[in-house]
Amino acid sequence: MRIIAAKVIVTCPGRNFVTLKIETDQGLHGIGDATLNGREKAVVAYLEEHVIPLLIGRDAHRIEDIWQYLYRGAYWRRGPVTMSAIAAVDTALWDIKAKAAGMPLYQLLGGASRDGVLVYGHANGADIEETVDAVGRYQDMGYKAIRAQSGVPGVKGAYGVGKGGLYYEPADSTLPSETVWTTSTYLDHAPKLFERLRATYGPEIELLHDVHHRLTPIEAARLGKSLEPFRLFWMEDCTPAENQDAFRLVRQHTTTPLAVGEIFNSIHDCRTLIEEQLIDYIRTTVVHAGGITHLRQIAGLAALYQVRTGCHGATDLSPACMGAALHFDLWVPNFGIQEYMRHSEETDAVFPHAYTFNDGYLHPGEAVGHGVDIDEALATKYPYDPKQLPVARLTDGSIWNW
Ligand code: CS2
Ligand code: MG
């Protein structure tokens, strides 16, 4: 089965998405998400200029060979742009192969290891009271696991507080909006939020929190310790993870489970963290970590050290990524949890999909392939609208981690 055409579709149904569509001489096509929030056009150029010309004429069944060809052949290995481009090709080819086999992708990976995929939703509010109410709304929708983020007194634009609705889109301006961060206020505030949540909802509900890279290792250790009485499912991105060694310090001081990896793009970014069991969940996902092919390698390494998966699933990862991730989640033995930040109705219309939500779980459905497609005609109605992610500064004006 030969690849005869491939194209990049950029659309903005409420937010920008980049999709690669690959077509074969047997009439089958597959799609892959290539969205890199705030840097979308870099991946578009990488695909159109440096990848698509290499794909035409290749055997679409040779997924691994094409992966190795694009990874080693680039010479300049790894990085979010390269690995998102490779991921889009990989995901589209797995979609095609499963369609050719006449089965849902999870069957091709090895069949279902569970009946459904446990997901977590995003509850947030401007303050503790609003966030407590938002968690209740998610519980009423059937969620068994809920991430809670609230505004922090005196902190303009604290991370994770959306503008209402079911999801949170951080890329909100043509030029980066500037937020101000104060660690000390946050460290005092966060435990109060979870104390209220446990007092209100009891011990059952799984609660998660995203620190979003903002603490130093010792501050992260302090926060982890202060959250121990509230038994979090995980504390995410507690400190920047380029330096994997930093997590040794955090791990020494707290038993709060740690999750990291949504901005990782290869197994090398997390090898030390996994091999030394410095984390409990690895957050790498289909679109930014080289596709299904590479994500399986990361999960396989993680399984040796009892680290579980916790794929990133924010609004800025398209339904094509979500669909593929759910097939991976249904199969992967060391599954932990899947993030599920719902998409807008416009987005769901552009990307018809087979996955469904029920009582706190998602299921990828039984459609052949990964079960997601793109309505190209509708996609054209939403032109690209350049948006940047925010930046954060400390009160003295120095740039900090957003
Ligand atoms: C967040 C993301 O969902 C998460 O865990 O870290 O919303 C992240 O801020 C965005 O994906 C950035 O584009
Ligand atoms: Mg995160």
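## Magnesium site

Along the chain, the donors of the magnesium ion (ligand 2) follow the spacing D-x25-E-x25-E. In this predicted model, the ion is coordinated by D210 (OD), E236 (OE) and E262 (OE) at 2.0 to 2.2 Å. Donors here are N, O and S atoms within 2.8 Å of the metal (3.2 Å for Na, K and Ca); water is not among the atoms, so sites may look incomplete.

D210 lies in strand 7 (residues 206-210), while E262 is in the loop between strand 9 (258-260) and helix 9 (271-275), 52 residues apart from D210. Helices (H or I, at least four residues) and strands (E, at least two) are DSSP runs, numbered from the N terminus. D210 also meets R147 in a salt bridge, with 3.1 Å from N to O. R147 sits in strand 5 (residues 145-150), 63 residues from D210. A salt bridge is a side-chain nitrogen of Lys or Arg within 4 Å of a carboxyl oxygen of Asp or Glu, and by this rule the count comes to 20.

## Two domains

The domain assignment, which is automatic or from a database, divides the chain into domain 1 (3-104) and domain 2 (108-366). Their C-alpha centres lie 26 Å apart. Contact, meaning heavy atoms within 4.5 Å, involves 31 residues of domain 1 and 34 residues of domain 2.

The two domains bury about 2,500 Å² between them, 62% of it on carbon and sulfur atoms. Buried area is the accessible area (1.4 Å probe) that two parts lose on being put together, summed over both. On the domain 1 side, D33, W94 and P104 lose the most area to domain 2, together 23% of what that side buries.

## Links between the domains

Between domain 1 and domain 2 there are 2 salt bridges. E169 forms a salt bridge with R15, and the closest N and O atoms are 2.4 Å apart.

On the side of domain 1 that touches domain 2, strand 2 (17-24), strand 3 (29-33), helix 2 (63-73) and helix 3 (80-101) each supply at least two residues. Helix 3 gives the most, with 11 residues.

## Basis of the values

Residues are numbered from 1 along each chain as its sequence is written, and chains are lettered from A and ligands numbered from 1 in the order in which they are written. Local features need pLDDT of at least 70, side-chain atom pairs count only at pLDDT 80 or more, and totals for chains, interfaces and linings use all residues, while side-chain values use heavy atoms, with hydrogens and water left out.
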